[in-house]
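Hi,

Here is the structure I promised to pass on.

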Amino acid sequence: DVYHYAADSTLILYIAPLVEETFQEFSALFRLEFSRRLPFVLYATHYDFQQTNILPSLISEYTGGFTDLMKGRIAVPANGSYSNLRHVVRHEMVHAFMLEKLHRVMDDRGKYTYNHPPLWFTEGMAEYIANSPQTPQGEMFVKDALLNSRLYRLDEIWRIEGSYMMYKQGEAILNYIGINYGRDAVIRILENWWIAGDFSLVLENTIGVDLFELDDGFQKYAR
């Protein structure tokens with residue numbers, strides 16, 4: 001369900017097919033069929049987007065879009081760039097599919113309280129799937145961080161928590177997982193979320209390496 005205003009806007013002519021195609025693509029990728037319609041709210045300007053009441057908190061002018069954790073609603077503003085808008089739409093739809101996938105996996109196992117994956121993984125996955133393959137810009141940020149000793153190990157990634165660099169490093173790690181263990185491994189990690197409350201154990205049961213071994217492999221791969 002796409003909610004929008006300004007009936008004469010040409011934006012909806014671009015957004016509607018994009019959302020539909022992405023929904024079908026991600027349904028196949030995540031092996032998931034929604035039992036409900038996914039709400040997608042489009043704002044014509046970022047100024048209008050900042051006044052949304054979907055979230056109870058104020059929204060920064062740097063926020064490009066969000067997915068409501070409680071109800072899975074996606075909110076995205078137009079920003080003047082069709083390519084950037086396409087990226088944000090796909091990024092946020094990955095979040096919506098991830099949330100629904102985790103809910104379905106845990107519900108099927110009778111588990112109703114659980115932690116979400118770490119932020120570097122969730123944002124990295126959204127970037128990885130939305131961008132796949134990794135963009136030259138993403139590679140540039142990782143290379144720059146590596147050359148300047150700012151490519152943090154995962155036990156120190158809190159230093160860049162929530163930053164743009166965390167998104168790009170997370171994307172690079174997910175790209176490394178996809179190359180070495182198959183793109184399907186990213187989805188299998190979510191499907192195995194019921195196994196343990198510890199992210200490292202879920203990784204080990206899915207791809208055969210724990211968090212520290214994954215970190216070592218990625219650091220060597222980046223170098």
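Arg150 and Asp144 meet through their side chains in a salt bridge, 2.7 Å from N to O. Arg150 is partly exposed at 34% relative accessibility, and Asp144 is partly exposed too, at 37%. Do keep in mind while you click around that this is a predicted model.

Ser149 belongs to the loop between helix 5 (136-147) and helix 6. Its phi is near 55°, a positive value in a residue other than glycine. Ser149 counts as exposed, with a relative accessibility of 65%.

Back to the charges. The count of salt bridges comes to 15. One of them pairs Lys168 with Glu127, where the closest N and O atoms are 2.7 Å apart. Lys168 sits in helix 6 and Glu127 in helix 4, so this pair ties together parts that lie 41 residues apart in sequence. Lys168 is buried, at a relative accessible area of 1%, and Glu127 is buried as well, at 4%.

Lys168 also forms a salt bridge with Glu171, again with 2.7 Å between the closest N and O atoms. Here both residues lie in helix 6, three residues apart, or about one turn of the helix. In general, an α-helix has 3.6 residues a turn, so residues three or four places apart point the same way. Glu171 is buried, as is Lys168. Elsewhere, salt bridges with shared partners join Arg31, Lys101, Asp184, Arg188 and Glu191 into one network.

Arg31 has something else to show you. It is not a glycine, yet its phi is positive, about 50°. You'll find Arg31 in the loop between helix 1 (11-29) and strand 2, and it counts as partly exposed at 42% relative accessibility.

Now for a charge without a partner. Which side chain of opposite charge is nearest to Glu123, a buried residue with no salt bridge? The answer is Lys168, and it is 9.8 Å away. Glu123 is found in helix 4. What does Glu123 touch, leaving aside its neighbours within four places in sequence? It is in contact with His91, His95, Met166 and Tyr167.

Next, helix 8, which covers residues 199-207. Phe199, Ser200, Val202, Leu203, Thr206 and Ile207 are its buried residues. Looking down the helix axis, these buried residues fall within an arc of 160°, so they line one face of helix 8. They pack against four other helices: helix 4 (119-131), helix 6 (164-181), helix 7 (184-191) and helix 9 (211-222).

Both ends of helix 8 are worth a click. After the helix comes Gly208, which has a positive phi near 85°.

If you want a sense of scale, Glu213 and Leu11 are 202 residues apart in sequence and 45 Å apart in space, C-alpha to C-alpha.

Last stop, the strands. Strand 2 (residues 40-43) is covered on both faces. Phe40 and Leu42 are on one side, Val41 and Tyr43 on the other, and all of them are buried. Strand 2 runs parallel to strand 1 (residues 2-3), and two bridges join them. Within that pairing, Val2 has Phe40 as its bridge partner. Strand 2 also runs parallel to strand 4 (residues 74-77), this time with four bridges. There, Tyr43 is the bridge partner of Pro77.

Cheers

Methods
Residues numbered from 1 in each chain as written. Predicted model: local features only at pLDDT ≥ 70, side-chain atom pairs only at ≥ 80, totals over all residues. Heavy atoms only, no water. Buried < 20%, exposed > 50% of the residue type's maximum accessible area, 1.4 Å probe, protein only. Arc of directions from axis to C-beta. Contact = heavy atoms within 4.5 Å. Lys, Arg positive; Asp, Glu negative; His and termini not counted. Salt bridge = Lys/Arg side-chain N within 4 Å of Asp/Glu carboxyl O. Pairing = 2+ DSSP bridges.
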